[in-house]
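Please open the model in your viewer and keep the sequence panel at hand. The tour below moves from single side-chain pairs to the whole chain.

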Amino acid sequence: MERLSNRPELKSFRKALRNESTPSERVLWRHLKGAQLEGRKFRRQHSIGPYILDFYCPTEKLCVELDGQVHNDPTASLNDQGRDDHLRSLGIRVIRFENKDLLFGIEGVLERIKAAFTP
């Protein structure tokens, strides 16, 4: 059976992404780490299949993605859609935020993440 989560061949890439996180990722991680958000544990730069997710909550099967301007490109948008479709096929919900949303309104972002939790 193929390993789906945190495939060994992606380990060095996941580590590099954690070490070179964006300012927005650092801000959000300060609020998600240590199960601070309603007791939900999040993982940072967690891989599922061929994709590395910015943040993933396994108990909620919830992926939180932060997008910079590069995601406004039509090709990147198509890639994001394919990725989201693949994750949804695995039962993983995806919510996306733009980096600027985080830097200018962390509380609103946190509220939207909490709203995505199952009751």
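**Stop 1: D84 and R96**

Select D84 and R96, which form a salt bridge whose closest N and O atoms are 3.0 Å apart. The term salt bridge denotes a side-chain nitrogen of Lys or Arg within 4 Å of a carboxyl oxygen of Asp or Glu. D84 belongs to helix 3 (residues 74-89) and R96 to strand 4 (residues 93-98), so this pair ties together parts that are 12 residues apart in sequence. Helices (H or I, at least four residues) and strands (E, at least two) are DSSP runs, numbered from the N terminus. D84 is buried, with a relative accessible area of 8%, whereas R96 is partly exposed at 22%. Here buried means under 20% relative accessible area, exposed over 50%, and partly exposed in between, with a 1.4 Å probe and protein chains only.

The model is predicted: local features need pLDDT of at least 70 and side-chain atom pairs count only at pLDDT 80 or more, while totals for chains, interfaces and linings use all residues. Residues are numbered from 1 along each chain as its sequence is written, and side-chain values use heavy atoms, with hydrogens and water left out.

**Stop 2: D85 and R88**

Next, select D85 and R88, whose side chains meet in a salt bridge at 2.8 Å, N to O. Both residues lie in helix 3, 3 residues apart, about one turn of the helix. D85 is partly exposed, with a relative accessible area of 39%, and R88 is also partly exposed, at 43%.

**Stop 3**

Move on to E98, which forms a salt bridge with K100; their closest N and O atoms are 3.7 Å apart. E98 has a relative accessible area of 35% and is partly exposed. How many salt bridges does the structure hold? The count is 9.

**Stop 4: the whole chain**

Finally, clear the selection and colour by secondary structure. The protein has 5 helices and 4 strands, and from the N terminus on its elements run α-α-β-β-β-α-β-α-α. Of its 119 residues, 39% are buried. Among contacts (heavy atoms within 4.5 Å) with a separation of 6 or more, 60% are between residues 24 or more positions apart. With a surface display, the protein exposes about 7100 Å², of which carbon and sulfur atoms supply 53%; accessible areas come from the Shrake-Rupley method with a 1.4 Å probe, and for residues only the protein chains shown count as cover.
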